[in-house]
Amino acid sequence: MSIIENNIIENNVSENNIIENNVSENNIIENNIIENNIISNNIISNNVFENKDEYKSLFDTKNRIRIRNFLKPEIANDLYDFLQVCNENWWFYSIYYDNERKTIRNDIENYNDIELEREKVYKSVGKGMFSYIFCSTTNHYDTCYCKICEVEKLLQDDEVFGFLNDITNTVIDSPLTTITEVFASRYKANDFLGLHHDKNKGRLAFVLGMTKGWRSDWGGNLIFTKTDMNIIEDVLVPDYNTLDIFYVPDEGTNHYVSNIVPYIDHTRFSITGWMK
Ligand SMILES: [Zn+2]
C-alpha cells in the first residue's frame, strides 16, 4: 500500500516539475521576444550579449578573451556543416619557409608536391626560422553565397563591431571599423603555424573556432608566449563556436598554432581575421 502511495506522490511531484518547466519555457520564449525587439541582435547569441560586461572586464585585464557559444546556434551549425563538405579544391595550402610564401591549390595532382614542401617546412622550423603549412580559403566572388562568405559578411556587420568595440574600448584607443583580412582555415595532421606576432595586420585578431570533439594532446592549440617565446602565457584548445579575440599592439603579440600530431584524421577548422 505504502509503495503505491509513494509512487502516486512521486508522480505528482514530477507533474509539478513538468508544469514548472512549462512555465520557465514560456519565460524563455517571452525573453527572446523582448530581446529581439530591443537588442535585435541577429547573429550573436543572446547569452553572449547579456554577459558583455564580464567579457569587457576580462579583456581589460588580459587583452584577450574566449567567448563561448558566440554565434546563434543555427548560424554556427550551418557554417560547421558546410566546412565539413566543401570541395577539397576550395582549399589552398599556405606554405612558408626560407622567407618565402607559396600557395598551392589542394588538388589531387598537387598532393605529392605539397608533401615535398612539407618536408622543407619542417627542416626550416628546425633551424628556428618562421615557417608554416596549413590550408586556407582565398577570396570568393563578391556574389558568392557559400556559408563561409555568408559568415564572413555577417562578421562585418555593425552588430559585431558594436559588440566588440564595447568590450575592447578601454584597451584599444579608437573604435574598430573594418575587417582588414578574413579567411577560413583548416589544419590537418602535420599542419602548424610557427611563432609570429601579427604586427601591422590590425589592432584586434579574431579566431572563430569551428572544431568539434578536439583533444589538447592532438596539437593545433593557439599558444601565446611572452617576448621570450619559451615562456607560455596561455593555451587555447580548438573548440566549437568560440570567438577568441586578442589585442595586437604596435609591437605585436607572440603566438603560434602548435603542429597537429601525425596520422589523426580529425580537422581543426576556424574563421580567422583581423580588424582595425
Ligand atoms: Zn564563398
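Guide: Helices (H or I, at least four residues) and strands (E, at least two) are DSSP runs, numbered from the N terminus. Residues are numbered from 1 along each chain as its sequence is written. This is a predicted model, where local features need pLDDT of at least 70, side-chain atom pairs count only at pLDDT 80 or more, and totals for chains, interfaces and linings use all residues.

Visitor: Okay, what's the mean pLDDT of the chain?

Guide: The mean is 88, and 86% of the residues reach 70 or more. pLDDT is the predictor's confidence in each residue, from 0 to 100.

Visitor: And where does pLDDT stay under 50?

Guide: Over residues 1-39, for which the model has two contacts beyond four places in sequence. A contact here means C-beta atoms, placed from the backbone, within 7 Å. Where pLDDT is low, the predicted coordinates should not be read in detail.

Visitor: Noted. How many helices and strands are there?

Guide: Seven helices and 12 strands. The protein chain has 276 residues, and 28% of them count as buried. Buried means 20 or more other C-beta atoms within 10 Å of the residue's own, exposed means 12 or fewer, and partly exposed is in between, with C-beta atoms placed from the backbone. Among contacts between residues at least 6 apart in sequence, 77% join residues at least 24 apart.

Visitor: Which strand pairs with β7, and in what sense?

Guide: β10 does, in the antiparallel sense over seven bridges. β12 also runs antiparallel to β7, joined to it by six bridges. Take Val 207: its bridge partner in β10 is Asp 244, and Val 207 stands opposite Thr 272 in β12.

Visitor: How many of β7's residues are buried?

Guide: Seven of its seven. Leu 204, Phe 206, Leu 208 and Met 210 sit on one side, with Ala 205, Val 207 and Gly 209 on the other, and both faces are covered. In a regular strand the side chains alternate between the two faces of the sheet.

Visitor: Which residues touch the most other members of the largest nonpolar core?

Guide: Leu 164, Leu 204, Phe 206, Leu 208 and Ile 245, out of 51 residues in that core. Strand β7 (residues 204-210) gives the largest share, six residues. A nonpolar core is a set of buried Ala, Val, Leu, Ile, Met, Phe, Trp, Tyr and Cys residues joined through C-beta atoms within 7 Å. Beyond its neighbours within four places in sequence, Ile 245 is in contact with residues including Arg 64, Leu 164, Leu 204 and Phe 206.

Visitor: Switching to helices. Which residues of α7 are buried?

Guide: In α7 (residues 158-168), they are Val 160, Phe 163, Leu 164, Ile 167 and Thr 168. Those residues fall within an arc of 120° seen down the axis, so they line one face of α7. The arc is that of the directions from the helix axis to the C-beta atoms. Among the elements covering them are α3 (52-62), β7 and β10.

Visitor: What about α4, which residues are buried there?

Guide: Ala 76, Leu 79 and Leu 83. They're on the same side of α4, because they cover an arc of only 65° around the axis. An α-helix has 3.6 residues a turn, so residues three or four places apart point the same way. On the other side of α4, Pro 73, Glu 74, Asp 81, Gln 84 and Val 85 are exposed. The buried ones pack against α6 (147-155), β5 (179-187), β7, β10 (240-247) and β12 (268-275).

Visitor: Why does Asp 98 count as exposed?

Guide: Because Asp 98 has 12 C-beta neighbours inside 10 Å. Asn 200 is exposed as well, with 11 other C-beta atoms within 10 Å.

Visitor: Last one: where's Ser 136?

Guide: In strand β4 (residues 132-136). Ser 136 counts as partly exposed, because it has 16 C-beta neighbours inside 10 Å. Its C-alpha is 6.1 Å from that of Arg 186, 50 residues apart along the chain.

Methods
Two strands pair if DSSP finds at least two bridges between them.
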